[in-house]
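This report goes through one protein chain, from its overall form to a few of its side chains. Please look at the sequence and the structure first.

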Amino acid sequence: MLSLIPPYYLVALGLGLASIVVVLFYSFTRTTNYEVQEKLKKAQLRKQRQQANDL
């Protein structure tokens with residue numbers, strides 16, 4: 001079956017699939033990092049509000 005497809009098509013298909021995997025991995029890790037940063041900001045704001053209320 002694969003012998004019917006020219007090798008350069010297989011190479012192009014492999015590179016395309018690899019690039020899709022890399023893009024998906026990158027986007028998910030960026031989203032996770034963003035969520036972590038947002039949680040840290042919210043925690044810091046909460047801490048500042050708590051300190052202001054204590055005064």
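## Overall form

The radius of gyration is taken over C-alpha atoms, and the globule rule is 2.2 Å times the number of residues to the power 0.38. For 55 residues, a compact globule would have a value near 10 Å, but this chain has 24 Å. Along the principal axes, the C-alpha atoms fill a box of roughly 75 × 15 × 5 Å.

The model is predicted: local features need pLDDT of at least 70, side-chain atom pairs count only at pLDDT 80 or more, and totals for chains, interfaces and linings use all residues. Residues are numbered from 1 along each chain as its sequence is written, and side-chain values use heavy atoms, with hydrogens and water left out.

## The helix

Helices (H or I, at least four residues) and strands (E, at least two) are DSSP runs, numbered from the N terminus. The chain has 1 helix and 0 strands. Helix H1 covers residues 7-54. Ala43 lies in helix H1.

## Exposure

How much of the chain is buried? A residue is buried under 20% relative accessible area, exposed over 50%, and partly exposed in between (1.4 Å probe, protein chains only). Buried residues make up 0% of the 55 residues. Ala43, for example, is partly exposed because its relative accessible area is 36%.

Accessible areas come from the Shrake-Rupley method with a 1.4 Å probe, and for residues only the protein chains shown count as cover. The chain exposes about 5,500 Å², of which carbon and sulfur atoms supply 67%.

## The nonpolar patch and its tyrosines

Patches are made of residues with over 30% relative accessible area and no salt bridge; like charges are joined within 9 Å, and nonpolar side chains (Val, Leu, Ile, Met, Phe, Trp, Tyr) within 5 Å. A nonpolar patch of about 1,100 Å² includes Leu4, Tyr8, Tyr9, Leu10 and Phe28. Leu10 is in helix H1 and counts as partly exposed because its relative accessibility is 33%.

Rings of Phe, Tyr and Trp (its six-membered ring) pair if their centres lie within 6.5 Å; planes under 30 degrees apart count as stacked, over 60 as edge-to-face and the rest as tilted. By this rule there is 1 aromatic pair. The ring centres of Tyr8 and Tyr9 are 5.0 Å apart and their planes stand at 50 degrees, so the pair is tilted. Tyr8 is exposed at 56% relative accessibility, and Tyr9 is exposed at 51%.

## The salt bridge

A salt bridge is a side-chain nitrogen of Lys or Arg within 4 Å of a carboxyl oxygen of Asp or Glu. The whole structure has 1 salt bridge. Lys41 and Glu38 form a salt bridge at 3.8 Å, N to O. These residues are 3 apart in helix H1, so about one helical turn separates Lys41 from Glu38. Lys41 is partly exposed at 49% relative accessibility, and Glu38 is partly exposed at 25%.
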